[in-house]
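Dear colleague,

I am passing on the structure we spoke about, and below it you will find some notes on what turned up. Please keep it open while you read, so that you can look up each place as it is mentioned.

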Amino acid sequence: MSHSIPTNWDKEVDVIVLGTGGAALTAAIAAAENDADVLVLEKTHQIGGTTAFSGGIPWIPLNHYMKEQGFEDNREAAIQYIKRLALGRADEKMIETFVDKGHEIIRFLHDHTPVKFKTPEKYPEYYAHMDEALKKGTRSLDPMPFNMNEIGEWGNLLRQNPIFPPLTLEEGGAIGGIDFQVVAERMQNNVVTMGRALIASLFKACLDRGVETLIETAGKDLIIGENEEIIGLKAETKDGQTLYFRARKGVILASGGFEWNKQLVKAFLKAEFTHPVTPPGNEGDALMMAMKAGAALENMSEAWWYPAMVDPTFEYEDNVMAQLGGGRMGPNSIVVNKYGRRFVHEGTTYNDMPRAFFNYDPVKVDFPNKGPNWMIFDQQLKDRELIITMTPGDPAPEWVDQADSLRELAIKIGVDPDGLEDEVRKWNEYCEQQKDKDFHRGTIQFEALTTGGGSPANNLGKIEKGPFYALPIYLGALGTNGGPKINEDGQVVNFQGEPIKGLYAAGNASGNPLGPIYPSAGGTIGPAMVFGFLAGQHAAKQ
């Protein structure tokens, strides 16, 4: 952070926003709506950040779309559900602010911007099997398709996930089959869905309000004024030019987490994960600026964990792309560690399942589940499901380990063969008994999310038909969710709990206001948009 105030500013505005993801653009809309002159800075050559790369689904209790679909929700139920999942690791005031303000912000966006959603039918909450959870419907919101022609040339700069077709959550296979005619028509007409639709519609709202966006311009250092308030930002363009931007009312950090910064990952996270499931560029710029400014930190050991699988031939932006591979929840597969032993309910949510990777054995003085772990499956699963990019009916690619026996397979992948053979024998006995006595497969909602929840019929099946296959599962993350601590207005606070005047944060650039939880689909984007909006609104009113 610089105490040296520039003699000349390259540009002066009311509010500067770092990033172009869901938190950033929602903040920019809120600030502009409150008559602020807003400048958005994007570090990369594309807009949309991690949000554009994602499903684009915010999780928002009490939203009006639920009511229109006939689903009931209430304030106390939502608060108790979040508190139950947080296990005491989230501030109650922040939870209440999220629940009370979130639905109002979604209503505002619906009424005053092109941002529109739908409640996805037959898509329940991830923890619907729990007593505290919503039993009917969902609080997740599916972005409606959006025509990118409405944002002109900016559409060419909108980041995309190469895996997602232009289908909504409901249309894309989560509920039923893919309609390829719809896919073709949308591609021809430049219509996008999911994260791209959310970002494009938010960006259109920014354009409508005169918000200026500069790409390939990275925030480097906050500038502090004579009264110890944040008054601006030092930035750097792709070609190395240094720029100084004056912020009369505030700087909002919303430029993502630090999952691509190996040094920060090693310093803060409870485990050093190897496979970010996000686009490159989230390197902790906002975190480092906030730390220099004296920000308190929270939730720093946590991330949006993800059991990542890899097709080593599939690249995105010069990196092998980590993906959710499929197959771990259904019959004919288990996940084992290097000892050949199961160590987790394989069908738990993608945020929960990898937490078992952190277990420590004080007798062996070892982290037995430190990745990679292995998904072991047989030909029955291979013939039935898409696993990463491996399609049913096609020969297994060279990068998939396979063998005619489990022992041979274990030796090939470096897993204890006695342990694996014994574990598969036990698993097959559980399948005959239709009861997983060790980890209770077939009992929770997420492992058969859209088909009535887990059951022995849905989730238990023997591993018995060769050849047998193994795929590594790595510790991955959808992003980090620790960072500068914020208050209910999105202001960054110091270690005394006092706001740092002129400094705000939201999304993965802040500590998650709901703690280390992922309540259901959209558990990252919901809080990001809500506190992004509150930050933009508060900054504009200074």
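The chain has 15 helices and 21 strands, and please bear in mind throughout that this is a predicted model. Its C-alpha atoms fill a box of roughly 75 × 50 × 45 Å along the principal axes. For 542 residues, a compact globule would have a radius of gyration near 24 Å, and because the chain has 24 Å, the two agree. Buried residues make up 59% of the chain, and among the contacts with a separation of 6 or more, 74% are between residues 24 or more positions apart. The chain exposes about 21,500 Å², of which carbon and sulfur atoms supply 48%. As for charge, there are 52 positive and 73 negative charges, and their mean positions are 3 Å apart.

Helix H15 covers residues 525-540, and its 16 residues reach 22 Å from the first C-alpha to the last, close to the 22 Å expected at 1.5 Å a residue. H15 is mostly covered, with 15 of its 16 residues buried.

The loop between strand E21 (499-505) and H15 holds Leu514. Is Leu514 buried or exposed? Its relative accessibility is 0%, and because buried means under 20%, Leu514 counts as buried. Leu514 touches Ile82, Ala86, Ala90, Ile95, Phe98 and Pro527, if residues up to four places away in sequence are not counted. Leu514 also lies 8.0 Å from Arg89, C-alpha to C-alpha, although the two are 425 residues apart in sequence.

Leu87 is found in the loop between helix H4 (75-86) and helix H5 (92-112), whereas Asn332 is in the loop between strand E14 (319-323) and E15. With a relative accessible area of 57%, Leu87 is exposed, while Asn332, at 5%, is buried.

Finally, there are cis peptide bonds to look up. One joins Gly371 and Pro372, with omega at about 5 degrees, and Pro372 sits in the loop between strand E15 (333-336) and strand E16 (373-377). Another runs from Gly466 to Pro467, with omega near 0 degrees, and Pro467 is found in the loop between helix H14 (456-459) and strand E18 (468-480).

With best wishes

Definitions and conventions: Residues numbered from 1 in each chain as written. Predicted model: local features only at pLDDT ≥ 70, side-chain atom pairs only at ≥ 80, totals over all residues. Heavy atoms only, no water. Helix = DSSP H or I, 4+ residues; strand = E, 2+ residues; numbered from the N terminus. Expected span 1.5 Å × (residues − 1). Buried < 20%, exposed > 50% of the residue type's maximum accessible area, 1.4 Å probe, protein only. Rg over C-alpha atoms; globule rule 2.2 N^0.38 Å. Contact = heavy atoms within 4.5 Å. Areas by Shrake-Rupley, 256 points an atom, 1.4 Å probe, with all protein chains shown as cover. Lys, Arg positive; Asp, Glu negative; His and termini not counted. Charge placed at Lys NZ, Arg CZ, Asp CG, Glu CD.
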